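Dear colleague,

I am handing over the structure below, and after it I set out what was found. Please keep it open while you read.

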Amino acid sequence: MNVQLSKLRRGETISDEIIEMDDTVLIECTLRNCLLVFRGGETSFSGIRFENTRCLWLGAYRALISTLLGVGWKPPGPPEPGVTFTSD
């Protein structure tokens, strides 16, 4: 499968933004006071530093997270300080 991710951000410090993660690639970025919105599309990120950044899970992602939490799944290890996961 060849997946095309249309938004690439590399080596940036991103502050106070709402970032729609569908079709987005983040590489070696620092995210400060951001909200990452996951709706179910393809996404990729690596080498990310999170500072007071939250995730909002919607659509397919929200259903998956709710199902996993409902059967007792727990994320591996504690989240990095300043990272909050929510499905509101």
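A residue is called buried when its relative accessible area is under 20%, exposed when that area is over 50%, and partly exposed in between, with a 1.4 Å probe and protein chains only. By that rule Glu17, at 29% relative accessibility, counts as partly exposed.

Two remarks on the basis of the values come before the rest. The model is predicted, so local features need a pLDDT of at least 70 and side-chain atom pairs count only at pLDDT 80 or more, while totals for chains, interfaces and linings use all residues. Residues are numbered from 1 along each chain as its sequence is written, and side-chain values use heavy atoms, with hydrogens and water left out.

On confidence, the protein chain averages a pLDDT (the predictor's confidence in each residue, from 0 to 100) of 82, and 78% of the residues score at least 70. Confidence is highest in strand E2 (residues 13-15), at a mean of 97, and lowest in strand E10 (residues 83-86), at 55.

Strand E2 also belongs to an open sheet of 3 strands, in the order E2-E5-E8 with parallel pairing, where two strands pair if DSSP finds at least two bridges between them. E2 and strand E8 (49-51) stand at the edges with a single partner strand each, so one side of each has no neighbour in the sheet. E2 and E5 run parallel and are joined by 3 bridges, and Ile14 stands opposite Leu31 in E5. Thr30, found in strand E5 (residues 30-32), counts as buried at 16% relative accessibility. Leaving aside residues up to four places away in sequence, Thr30 touches Glu12, Thr13, Ile14, Arg49 and Glu51, contact meaning heavy atoms within 4.5 Å.

A search of the whole structure finds 5 salt bridges, each being a side-chain nitrogen of Lys or Arg within 4 Å of a carboxyl oxygen of Asp or Glu. One of them joins Glu51 to Arg32, with the closest N and O atoms 2.6 Å apart. This pair links distant parts of the chain, with Glu51 in strand E8 and Arg32 in strand E5, 19 residues apart. Glu51 is partly exposed at 21%, and Arg32 is partly exposed at 33%. Elsewhere, salt bridges that share partners join Arg9, Glu12 and Glu17 into one network.

The structure also holds 2 aromatic pairs, for which rings of Phe, Tyr and Trp (its six-membered ring) must have centres within 6.5 Å, and planes under 30 degrees apart count as stacked, over 60 as edge-to-face and the rest as tilted. Phe38 and Phe45 form a tilted pair, 6.5 Å centre to centre with 55° between the planes. Phe38 and Trp57 form a stacked pair, at 4.5 Å and 15°.

Lastly, Tyr61, in helix H1 (residues 59-70), lies 23 residues from Phe38 in sequence and 6.6 Å from Phe38 in space, C-alpha to C-alpha.

With kind regards

Technical notes. Helices (H or I, at least four residues) and strands (E, at least two) are DSSP runs, numbered from the N terminus.
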